Amino acid sequence: MSFDRKIKIAPSILSADFANFGQEIRAIEAQGADWVHVDVMDGHFVPNLTFGPQAVKAFRPHVKTVMDVHLMIAPVDPYIDAYADAGADVLTAHVEAGPHIHRTLQAIRAAGMKAGVALNPGTPAEAVEHLMDLTDLVCVMTVNPGFGGQKFLDMTAKIRRLRSMIGDRPVHIEIDGGVDPKTAPLVAEAGADVLVAGSAVFKGGSVDNPQVYGDNIRKIRSATEGTWA
């Protein structure tokens with residue numbers, strides 16, 4: 001995964017057809033997705049239960065771009081090697097998920113993955129200020145994590161603060177939650193460069209009608225034109 005500051009659209013397969021993950025992944029990539037976002041939830045750290053390492057491993061052969069795995073679980077450390085084995089390119093842990101986030105990020109990188117750190121809406125940017133040299137991505141939650149389709153929470157001030165903290169480091173700012181053509185330019189202008197979108201990409205399309213996915217991706221991308229990235 002090389003670093004550049006162009007806007008990347010990362011559809012969340014939490015909004016895909018669960019009976020057709022392989023075809024859905026191939027469809028969104030063919031229609032212009034830059035990354036594939038996988039939301040891992042444990043029913044404990046967040047109030048939902050989704051994919052484990054075996055499911056992620058099954059997705060891997062279908063992903064030709066970047067598999068971006070977002071762990072909404074606690075604890076994280078016992079599962080890092082399993083998600084590395086499953087083929088994650090980026091593995092993101094929440095700063096709120098445990099007391100030793102430095103060790104977690106070091107372990108993710110040691111396992112051969114890019115390391116991400118995520119912030120819940122109620123967590124300030126300053127919680128990760130000391131982590132900028134250990135991380136490759138900061139994920140700003142713009143909904144309370146757990147379920148897709150929630151209303152966007154405005155975190156543009158936090159995004160600007162993070163962009164200032166990052167400076168010239170090669171660190172992505174990812175936005176997860178409520179991203180659509182209306183909200184995408186707000187977060188992109190503030191400094192975000194990876195936009196996770198679930199229902200906004202998958203709504204109205206299917207593996208039999210994949211051009212809708214492409215239309216939705218292009219609408220989000222075009223809405224960010226003229227922003228900093």
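Trainee: Leaving aside neighbours within four places in sequence, what is S12 in contact with?
Mentor: S12 is in contact with H37, D39, V196, A197, G198 and F202. Contact means heavy atoms within 4.5 Å.

Trainee: Before we go on, what kind of model is this?
Mentor: This is a predicted model, so local features need pLDDT of at least 70, side-chain atom pairs count only at pLDDT 80 or more, and totals for chains, interfaces and linings use all residues. Residues are numbered from 1 along each chain as its sequence is written, and side-chain values use heavy atoms, with hydrogens and water left out.

Trainee: Back to S12. Where is it found?
Mentor: In the loop between strand 1 (8-11) and helix 1 (21-30). Helices (H or I, at least four residues) and strands (E, at least two) are DSSP runs, numbered from the N terminus.

Trainee: Is S12 buried or exposed?
Mentor: S12 is buried, with a relative accessible area of 5%. The cut-offs: buried is under 20% relative accessible area, exposed is over 50%, and partly exposed is in between (1.4 Å probe, protein chains only).

Trainee: Which side chain makes a polar contact with the side chain of S12?
Mentor: That of D39, at 2.6 Å. A polar contact is a pair of N or O atoms within 3.5 Å; within protein, one must be able to donate a hydrogen and the other to accept it, and residues adjacent in sequence count only if both atoms are side-chain atoms.

Trainee: New topic: strand 7. How many of its residues are buried?
Mentor: Five of its five, residues 172-176. H172, E174 and D176 point one way, while I173 and I175 point the other way.

Trainee: Which way do strand 6 and strand 7 run, parallel or antiparallel?
Mentor: Parallel, with five bridges joining strand 6 (residues 137-141) to strand 7. Two strands pair if DSSP finds at least two bridges between them. L137 stands opposite H172.

Trainee: And how many bridges join strand 7 to strand 8?
Mentor: Three, and those strands run parallel too. Strand 8 covers residues 194-197. There, L195 is the bridge partner of I175.

Trainee: What do strand 6, helix 5 and strand 7 make?
Mentor: A right-handed β-α-β unit, with helix 5 at residues 156-166. A crossover is right-handed if, with the strands pointing away from the viewer, the path from the first strand over the helix to the second runs clockwise. Strand 7, helix 6 (residues 184-190) and strand 8 also make a right-handed β-α-β unit.

Trainee: Now charges. How many salt bridges does the count come to?
Mentor: The count is 11, where a salt bridge is a side-chain nitrogen of Lys or Arg within 4 Å of a carboxyl oxygen of Asp or Glu.

Trainee: Which salt bridge does D133 form?
Mentor: One with R169, the closest N and O atoms being 2.7 Å apart. D133 is in the loop between strand 5 and strand 6, and R169 is in the loop between helix 5 and strand 7, 36 residues apart. D133 is exposed at 59% relative accessibility, whereas R169 is partly exposed at 27%.

Trainee: What about E129 and R161?
Mentor: Their side chains meet in a salt bridge (3.5 Å, N to O). E129 lies in the loop between strand 5 (114-119) and strand 6 and R161 in helix 5, so the pair ties together parts 32 residues apart in sequence.
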